[in-house]
Amino acid sequence: MNRRTLLKGGLLPIAGLAGLPSLSAAVEQATTPYNRPKLKITDVRTAEVRVHGYQVHVRVYTDQGIVGQGESTDAATGNVPIIRSFARMLMGQDPLNIEAAFERIRTSGVFAGAQGGQYVTALTAVEIALWDLAGKALGLPVYQLLGGKVRERVRVYADSGAREMIPGNEGSKARIKQIQDMGFTAAKIDIDDAADPARKDRVNWTASNGEINHMVAKVAFTRELYPKDFDLAVDMHARYDATTGKRVAKELEPFKLMWLEEPVPAENIDAMRDVRASTSTPICCGENVYMRWGFRELLEKRAVDIIMPDFQKCGGLLEARKIADMAHTYYVPVAPHAVTSPIGMMASAHVCAAIPNFLVQEWHWIDSPELWRNWVKEGEIIQKGYIPLPERSGLGVEMNDDTARKAQVPGTPWFGPTRRG
Ligand code: MG
């Protein structure tokens, strides 16, 4: 929103009522001496969808008609009542003081789980909406407010989605071809398999020789079908024990992976460091790690080669920038995890545009092409494996509600008025 639209949308109706002489007074009241709008938050509303699991969309409303939008994912369960509880700390506040809002909500939740999980994920959605709002209020793309862009487009890799990579399987081959035809230069596959017949125990996650052979065969099959220069990442989903993690990382060394993701769970950083120290395969983790404090020890102990914070969970866009800058001091690149709609993907892209140590960003909606292409009014945001950075203010994408509502969780309100919690 620029000054003209501000006048049109927010002030002209008032001026019309009060007569022209009141216009200058109204402008004065609603802007700073530098014509920056003085905004107040008037409401925070949510909508719930199910695409890649359950996801929450947030809108922050202001007294001058500018609305910011954000999205939380993965740890979004329970986010709606948590966001409702944040509303009382946001109402009447200036939405442009994003750090202040973040700190107020974070520190007020010290005894309520504000160290990670659903609390921080809910805070993340709100924080993203505030950035969208700030960009719109100031007439700048969000990356401009995060330090400006160091690149013109953001490289994206395709997660292979629900299609498992089974050696020789025609469906798997078709998925590999599809990803290349779409112009991607990197992809990710999953090799953990709870239903592998070679599993000897339904609970323990020590992989048998049979399971490890299957994992290696999946990677070999996929690697063979992609061109030599194509980058391949492999995910083990934080399931296996340290012995298995080390064995698999070793066996995958010849395939020159972009990374091996979470060969062991992320919460024992020493175990992750042991795996990393045992192999030349690059190790990546961080999709379930929150805020700077979560990443500090991972970096200090040199437990990973690459971090992958999820920017719709980890604390928000400025927090993502801070995590990335911390990683940069260890010469560790950032490859954000992302399973979101185009709104969350674009929010991530604004950070990726601004950080020097960005590697590649995930895309995970290959199984929902119609929803993906029509979720925002701007249409397809990925062009041949890259997100070109928008010039529009804020995040630069607006939800197409008619499409997004197709994924609405039945029985939930669609940005309905907030019941204060
Ligand atoms: Mg993963």
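1. In this predicted model, Glu287 has a relative accessible area of 9% and is buried. Asp235 likewise counts as buried, at 2% relative accessibility, and both values fall under the 20% limit that is used for the term.

2. Asp235 and Glu287 belong to the magnesium site, where the protein donors of the ion are Asp235 (OD), Glu261 (OE) and Glu287 (OE), at 2.0 to 2.3 Å from it. Along the sequence, the spacing of these donor residues reads D-x25-E-x25-E. Because Asp235 sits in strand 6 (residues 231-235) while Glu287 sits in the loop between strand 8 (283-285) and helix 11 (291-300), the pair ties together parts of the protein that are 52 residues apart in sequence.

3. An open sheet is built from three strands in the order 1-2-3, with antiparallel pairing. Its edges are taken by strand 1 (41-51) and strand 3 (67-72), each of which has a single partner strand, so that one side of each is left without a neighbour in the sheet. On average, and with direction ignored, neighbouring strands of this sheet are turned by 20° against each other.

4. Within that sheet, ten bridges join strand 1 to strand 2 (residues 53-62) in the antiparallel sense, and Val44 is found opposite Val60 of strand 2. Helix 5 (residues 117-138) packs on the sheet and touches strand 1, strand 2 and strand 3, its direction making about 150° with that of strand 3.

5. Ala101, which is placed in helix 4 (residues 98-108), counts as buried at 7% relative accessibility. When neighbours within four places in sequence are left aside, Ala101 is in contact with Leu90 and Leu130. Between Ala101 and Asp310 there are 209 residues of separation in sequence and 20 Å in space, taken from C-alpha to C-alpha.

6. For helix 7 (residues 170-181), the length can be checked against expectation: its twelve residues, at 1.5 Å a residue, should span 16 Å, and the end C-alpha atoms are 16 Å apart, which agrees. Which residues of this helix are buried? They are Gly171, Ser172, Arg175, Ile176 and Ile179, and because they cover an arc of only 145° around the axis, they lie on the same side of helix 7. A helix of the α type has 3.6 residues a turn, so residues three or four places apart point the same way.

7. The buried residues of helix 7 pack against strand 4 (153-159), strand 5 (186-190) and helix 8 (209-225), whereas Glu170, Lys177 and Asp181, on the other side of helix 7, are exposed.

Conventions
Residues numbered from 1 in each chain as written. Predicted model: local features only at pLDDT ≥ 70, side-chain atom pairs only at ≥ 80, totals over all residues. Heavy atoms only, no water. Pairing = 2+ DSSP bridges. Helix = DSSP H or I, 4+ residues; strand = E, 2+ residues; numbered from the N terminus. Axes fitted to C-alpha atoms, helices over the stretch in contact; angles between N-to-C directions. Contact = heavy atoms within 4.5 Å. Donors = N, O, S within 2.8 Å, 3.2 Å for Na, K, Ca; no water. Buried < 20%, exposed > 50% of the residue type's maximum accessible area, 1.4 Å probe, protein only. Expected span 1.5 Å × (residues − 1). Arc of directions from axis to C-beta.
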